Amino acid sequence: MIINIKINGMDKQLQVEPQEYLLETLRANGYLSVKRGCDTGSCGACTVILDGKPIPSCAWLSVRAHGHEVITIEGVQKEAEEIGKFLSSEGVEQCGYCSPSFVLTILSMKKELENPTEDDIRHYLVGNLCRCSGYVGHTRAIKKYLGVK
Ligand code: FES
Ligand code: FES
């Protein structure tokens, strides 16, 4: 079946199988920043932004994305570079496997949360796991990026 989907601002028509997940569809179409981790909706490595909200693409059937807008890191390179500088300056960029998902989640957070507290930030990150670091550096970097105390 064919779905109509906007990816990074471009209208696309993609051939998908009824049982196919968005993670597979995106990677098959060249969006290789979208990483496969647990494949069970638990680790957040496959996060993309769908209509402004971060979602685990491994747990989202591609047919459910029909008529919706998806953003991957390929579509927000300038913002990713800026966020990456904050993350690396706090020492949280290690293997980097989780980085695209964190960047997209932080971008959504910026749009959604006004003046978040540290608890708000931690709560927002609950779906994103990083196996290399604790989350203290992430929290520090995000507070600096968002300009909150
Ligand atoms: S790969 Fe999708 S949440 Fe882990
Ligand atoms: S930096 Fe390695 S999983 Fe996060």
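1. The largest cavity is lined by Leu87, Val92, Glu93, Cys98, Ser99, Phe102 and His138. A cavity here is a set of points, on a 1 Å grid over the protein atoms alone, where a 1.4 Å probe fits but cannot get out, and lining residues have an atom within 4 Å of a point. Its volume is about 30 Å³, a volume being the space filled by probe spheres set on the points, which are joined across faces, edges and corners. By class the lining has 4 nonpolar, 2 polar and 1 charged residues; Ala, Val, Leu, Ile, Met, Phe, Trp, Tyr, Cys and Pro count as nonpolar, Asp, Glu, Lys and Arg as charged, and the others, Gly among them, as polar.

2. A word on provenance: this is a predicted model, where local features need pLDDT of at least 70 and side-chain atom pairs count only at pLDDT 80 or more, while totals for chains, interfaces and linings use all residues. Residues are numbered from 1 along each chain as its sequence is written, chains are lettered from A and ligands numbered from 1 in the order written, and side-chain values use heavy atoms, without hydrogens and water.

3. The largest pocket (an open set of points with protein on both sides within 12 Å along at least five of seven lines) holds about 180 Å³ of space. Of its 14 lining residues, Tyr97, Cys98, Leu129, Cys130 and Arg131 lie nearest the centre. The lining comprises 9 nonpolar, 3 polar and 2 charged residues.

4. Now the sheet: it is open, with 5 strands in the order E2-E1-E5-E3-E4 and mixed pairing. Strands (E, at least two residues) and helices (H or I, at least four) are DSSP runs numbered from the N terminus, and two strands pair if DSSP finds at least two bridges between them. E2 (10-15) and E4 are the edge strands, each with a single partner, so one side of each has no neighbour in the sheet.

5. E3 (residues 47-50) and E4 (residues 53-56) pair antiparallel over 4 bridges, with Thr47 bridged to Pro56. Together they make a hairpin with 2 residues between the strands, and Asp51 in the turn has a positive phi of about 50°.

6. Lastly, the axes of H2 (residues 77-89) and H3 (residues 99-112) come within 10 Å and cross at roughly 105°. The two helices are therefore roughly perpendicular, the class for angles of 65 to 115 degrees. Glu79, Ala80, Ile83 and Leu87 of H2 meet Val103, Ile106 and Leu107 of H3, with contact meaning heavy atoms within 4.5 Å.

Conventions: Axes fitted to C-alpha atoms, helices over the stretch in contact; angles between N-to-C directions. Parallel < 35°, antiparallel > 145°, perpendicular 65-115°, else oblique.
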